[in-house]
Protein chains: 2
Amino acid sequence: MPEVIPHWLTKQADIAPDQIAIEHINGKTITFSKLKTNSQQFAKKLANYGVGKGTHVGVLSTNNASMVIAIHALSYIGAVSVLLNTRLTKEELTYQINDAEMMVVLTCDSLEKEVMVMDLPVPVKTFSEISHLPEMETDLQTEIILDDVFTIIYTSGTTGFPKGVIHTYGNHWWSAMGSALNIGLDSNDKWLAALPIFHVSGLSIFIKSVIYGMPVYLMEKFDQQVVQDAIMERGVTMVSVVTVMLKRLVDLLGNNTYPDTFRCMLLGGGPAPRPLLEKAKAKHIPVFQSYGMTETSSQIVTLSPLNALNKIGSAGKPLFPAQLKIDHTKEDSVGEIFVKGPMVTRGYFNKKEATNSAFQNGWLATGDLGYLDHEGFLYVVDRRKDLIISGGENIYPSEVESVLSGIEQVSEVGVVGKADETWGQVPVAFVVAIDQTISESDVIKYSNNYLAKYKVPKQVFFVDKLPRNASNKLVRGELAKWIQNN
Amino acid sequence: MPEVIPHWLTKQADIAPDQIAIEHINGKTITFSKLKTNSQQFAKKLANYGVGKGTHVGVLSTNNASMVIAIHALSYIGAVSVLLNTRLTKEELTYQINDAEMMVVLTCDSLEKEVMVMDLPVPVKTFSEISHLPEMETDLQTEIILDDVFTIIYTSGTTGFPKGVIHTYGNHWWSAMGSALNIGLDSNDKWLAALPIFHVSGLSIFIKSVIYGMPVYLMEKFDQQVVQDAIMERGVTMVSVVTVMLKRLVDLLGNNTYPDTFRCMLLGGGPAPRPLLEKAKAKHIPVFQSYGMTETSSQIVTLSPLNALNKIGSAGKPLFPAQLKIDHTKEDSVGEIFVKGPMVTRGYFNKKEATNSAFQNGWLATGDLGYLDHEGFLYVVDRRKDLIISGGENIYPSEVESVLSGIEQVSEVGVVGKADETWGQVPVAFVVAIDQTISESDVIKYSNNYLAKYKVPKQVFFVDKLPRNASNKLVRGELAKWIQNN
């Protein structure tokens with residue numbers, strides 16, 4: 001029997017109507033009562049487009065309150081929000097729009113111009129365009145069935161084809177509960193959101209907000225000075241960051257320290273260099289390393305405060321409702337990381353085969369490698385096969401290679417990550433050209449048309465041949481070594 | 001797809017092995033690691049009796065750590081704990097043992113003598129008897145399927161026949177989550193348990209303990225001085241009480257106040273007189289009034305700290321995952337209270353008809369009467385039809401009447417609650433006798449053989465006839481008026 005709860009925003013607006021739900025850096029605030037009213041009105045306006053229960057609707061927006069309202073509005077209708085990365089190209093967006101069977105894409109006003117010229121295959125409507133529509137009579141959801149689908153977020157994969165990860169309301173609920181059981185629930189909490197809401201790490205902050213009755217300090221984009229000020233002067237107690245953000249914050253902090261009320265710097269999105277963690281520790285920053293992915297609805301393994309200091313470098317233990325195992329040949333050795341729990345996706349939209357191959361007896365095979373120490377703490381040694389993580393964004397080499405092989409003069413291509421002080425890693429390409437009529441800038445220019453900027457190779461090396469194994473498969477590990485010589 | 005989580009005690013022992021799980025008033029403590037080990041050993045010993053997955057096992061015990069270990073042990077086996085009220089007579093116990101299809105009853109050493117002479121219909125084993133058994137090889141549960149049955153607790157009802165309320169693991173989980181979302185989760189929390197563990201209000205503290213990683217301060221029985229000392233000097237931050245306990249605590253406190261770290265006096269088990277609440281408020285005691293019943297796995301409506309002061313007398317709002325409605329004819333009027341949520345029982349064991357009649361479209365009809373004020377706060381005006389609540393224990397007049405009518409010289413009988421300064425209410429009986437050969441003490445003596453002491457009428461009035469309505473049904477409301485004249 002699927003569990004049923006009251007609609008979480010309606011409920012929070014009933015319990016704590018005057019509590020602040022969203023605080024903007026310009027000082028503007030929205031209460032839970034207002035957030036509910038605005039979301040319900042927006043839902044009734046959306047009904048003009050025929051958006052109804054089960055409709056898939058794209059949401060392509062920078063971080064702002066209208067985006068949050070749109071997502072809640074879609075949940076009031078019972079429609080599914082498909083969150084789109086704002087850095088994707090026309091080609092990438094078109095693929096996801098078709099693959100996810102979207103009916104319409106909603107976008108923020110600031111992106112209007114650049115999106116409209118893309119000529120996407122479905123209608124695109126801006127938030128303010130919708131706000132001017134009349135409210136239609138429509139039945140809004142009063143309850144949430146936890147098994148129902150709430151969001152779809154695309155992630156690439158080893159195959160190079162992005163896949164839509166399905167998140168039910170239950171996945172998000174359990175993720176929020178797992179986090180609360182790990183770091184506690186304090187009535188003074190305020191969580192800063194600078195991560196993109198189109199990523200599950202950013203989105204999850206707004207779900208926690210509604211379930212906990214907690215204000216979110218909303219930033220359109222990350223700025224270390226603004227974040228530091230928010231911690232120092234605006235009562236922010238928790239911040240979600242990726243490595244590059246933590247580095248900037250640590251550098252900016254200098255000899256200062258955050259107030260004692262600041263209790264969690266949740267670090268996700270890829271491995272963090274040990275020296276940075278040591279530096280943060282020296283400055284008494286309560287960094288919570290974590291491990292997760294779109295498929296796990298954000299963090300699933302987190303280092304708790306009890307162990308933050310003596311287990312530096314570890315991602316911690318699985319959250320209370322979650323389980324973890326390493327598929328290894330012997331004790332304490334490295335193997336593939338498997339996870340299980342009610343925050344783990346049920347699979348990929350319309351991708352039965354990919355879903356089946358991702359799960360084994362209810363356990364998700366993450367493709368990442370790691371080991372457990374003798375006390376059961378997870379150390380991630382390598383992310384998904386060849387995955388490049390650049391500033392918290394995932395880049396799958398196969399996806400970039402697939403695009404670059406579309407260039408007429410390119411015979412073969414191999415993409416790999418190169419260490420980068422700012423971004424952690426950046427992608428670089430090794431190309432075997434058919435003739436010498438193609439240059440590095442040609443490759444980059446071409447890539448810009450088809451790939452989000454962060455996926456575009458920062459360097460292109462022309463080589464005579466690529467390293468391949470006996471079965472003629474590209475050996476990317478060898479390419480990684482070549483980089484060190486370039 | 002039923003949700004699966006790791007076994008909660010195993011998980012907590014992994015996350016916080018050295019954290020204290022149970023603190024006894026004599027200073028003895030048990031860590032989560034030890035609690036797990038002891039429970040698993042106890043499970044393997046229990047296997048000697050053939051207790052296995054799905055077996056129903058009675059637990060008849062005063063509050064002590066062995067009882068908690070036994071309940072966890074049964075969950076490791078996958079067996080169901082049927083919690084028995086220690087004040088029941090042989091007849092009452094026998095009824096529940098047969099009705100719940102128990103295989104064996106476990107009891108604490110201090111009850112051994114009085115239980116053994118009862119000659120109950122199934123074997124009775126004491127905790128220490130079991131502890132001397134060898135450990136059998138047996139598969140222990142590593143996961144919890146939330147839809148599985150964890151406990152059964154009997155409650156009487158308007159029909160007079162006690163019914164076994166089924167609690168799944170999920171019911172208990174959601175109850176714990178609902179409470180955490182209401183009062184927060186603080187790593188310094190310590191919850192005092194003086195309520196009987198055989199009641200869901202007492203049991204729920206130990207489930208929260210395992211899920212939150214929170215110590216419980218365990219008391220065998222309530223003593224206001226010990227409770228006050230625990231709050232003042234032992235770091236207790238939360239206490240669950242019923243009205244009579246709160247009254248004693250308030251009286252004892254005098255002009256003192258509790259430390260600021262004390263953050264919740266959770267008040268359940270029936271209506272509280274307004275003067276007592278005012279007194280508690282004047283002494284800055286953070287009383288959280290609540291409303292719940294066995295069927296809702298403890299509190300389901302609770303007054304949050306935000307409103308504790310300005311909504312005195314209200315039971316508050318339904319917990320985050322719960323819903324409430326009043327079945328009334330017009331706005332703001334009194335009607336039957338209906339509740340819904342994932343902490344609500346799925347029904348009564350082997351009582352299909354009673355289950356069906358208790359639910360309407362997924363909503364539990366509580367039988368209690370109440371109204372909502374204009375802000376949606378619940379005020380309970382009358383508990384289940386004719387229910388007598390005495391010191392937090394529920395007494396159904398029909399059950400007492402049914403026993404008393406077994407006396408040969410009794411022709412008719414009506415039972416009703418009489419106001420009592422100490423217990424809130426006590427039961428009294430109106431009897432129409434066949435002849436004058438029977439006295440008040442005869443009736444009480446007979447009752448003592450068949451009824452738990454708290455259910456035995458404290459006074460017996462002999463009358464010529466009972467007030468009945470046109471369809472010859474007893475009008476208990478009229479009896480209540482008669483009391484005022486006696």
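1. Which side chains meet in a salt bridge (2.8 Å, N to O)? The partners are Glu143(A) and Lys340(B), where a salt bridge is a side-chain nitrogen of Lys or Arg within 4 Å of a carboxyl oxygen of Asp or Glu. Across the interface of chain B and chain A, the rule finds four salt bridges.

2. A caution on the source: this is a predicted model, in which local features need pLDDT of at least 70 and side-chain atom pairs count only at pLDDT 80 or more, while totals for chains, interfaces and linings use all residues. Residues are numbered from 1 along each chain as its sequence is written, chains are lettered from A and ligands numbered from 1 in the order in which they are written, and side-chain values use heavy atoms, with hydrogens and water left out.

3. In the contact between the chains (heavy atoms within 4.5 Å), 35 residues of chain B touch 35 residues of chain A. Together the two chains bury about 3,100 Å², 60% of it on carbon and sulfur atoms; buried area is the accessible area (1.4 Å probe) that two parts lose on being put together, summed over both. Within chain B, Trp174(B), Leu185(B) and Phe320(B) lose the most area to chain A, together 23% of what that side buries.
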